[in-house]
Amino acid sequence: MSAKIGFRYHQTIGLLAQSGRGFSLPVDFAFGQGGVLYVVNRGTPVARNTHVTICTVDGDYRADFGTYGTGDGQFIWPTAAAVDRDGCVYVSSETEHRIQKFSPTGQFLGKWGTLGDGDGELNGPSAMVFDQEDHLYVVDHHNNRVQKFSKEGKFVLKWGEKGEGDGQFNLPWGIGLDAAGDVYVADWRNDRVQKFDAAGKFLAAYGTPGHEDGEFHRPSSVAVDHDGNMYVADWGNNRLQVLGSDGSFRATLLGDAGLSKWAAEYLPSNPDYMHQREIAKNREVERFLWGPTSVKLDAEGLIYIVDSCRYRLQIYRRVY
């Protein structure tokens, strides 16, 4: 059995906002160049405030791009972001069944994808990740498969089908790569993580349905560190779980968030809101994760968790 791992809370980025300095139901993000983050906001159908927020790892707001709609540079139900080696940003959207490409500052550059189940067609694309050769792996959510593309959108390969067996999926959502290039998929409805080689050969499966250590309820994302430890956003259990490279349980993170820099600057200028906070009961619940949808690791080993229903990112550092 692997030893447990320890973590220290580092910081929070985020604040509820319809646009500008804040997030609206964030679901994913990608690391850009120079410490930039691209945060995908699904928003709400009523407010129609879907967009991507550009900010930094230090919590400095830069800009927004994207609006609600089906035109170029627009989204209705965006799902994920990925950044290529040139710094260009790719955003998937499950309603439009496509991938859009943007410059590092958010200018629309191109798109691909049509609804279907043939090679290169998509049905509700969700998470994405680039490999070292700038090939893009896309989780084809409703087609219960993974597809691999060139960064220009040329189909390369696919694997998976609906089911519960090895190499089969039931509404997969998240995806990550390890240092060797193996592919890990958060198999959402099957309550597990599956591991494949770069060609889609099944290697292993981890987790079973449940609420105990090492069990999952609708896992939505997976990332892998250089030691092979798996970080899984256990969405339905409102927690992040860490498994060793052999699948053994290592740690759980439930949330430790304090006020972000944005919140600390914004709240004192709103006395009514500050008063409601002061009289609120059970404010301790604010620190906990609620609907974590994505987890990613940066080059320094910091762990970023998209805390969707609390409109923020919680960031941790591994300490042993």
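1. In strand 5, Ala 63 is the bridge partner of Ile 54, and strand 5 is joined by four bridges to strand 4, residues 51-56, the two running antiparallel. Strands here, like helices, are DSSP runs numbered from the N terminus, a strand being E over at least two residues and a helix H or I over at least four; two strands are taken to pair if DSSP finds at least two bridges between them.

2. The model is a predicted one, in which local features need pLDDT of at least 70 and side-chain atom pairs count only at pLDDT 80 or more, whereas totals for chains, interfaces and linings use all residues. Residues are numbered from 1 along each chain as its sequence is written, and side-chain values use heavy atoms, with hydrogens and water left out.

3. The structure holds zero disulfides, a disulfide being a pair of cysteine sulfur atoms within 2.5 Å. For Cys 88, which is in no disulfide, the nearest cysteine sulfur is that of Cys 55, 19 Å away; Cys 88 is buried, at a relative accessible area of 11%. Cys 309 is likewise in no disulfide, and its nearest cysteine sulfur, that of Cys 55, is 19 Å away, but Cys 309 is partly exposed, at 27%. Buried means under 20% relative accessible area, exposed over 50%, and partly exposed in between, with a 1.4 Å probe and protein chains only.

4. Ser 245 sits in the loop between strand 24 (239-243) and strand 25 (249-253), and counts as partly exposed at 44% relative accessibility. Its C-alpha atom is separated by 4.7 Å from that of Gly 228, 17 residues apart along the chain. Leaving aside residues up to four places away in sequence, Ser 245 touches Tyr 206, Asp 227, Gly 228, Asn 229 and Met 230, contact meaning heavy atoms within 4.5 Å.

5. Gln 314 has its place in strand 28, residues 312-318, and is buried, with a relative accessible area of 0%.
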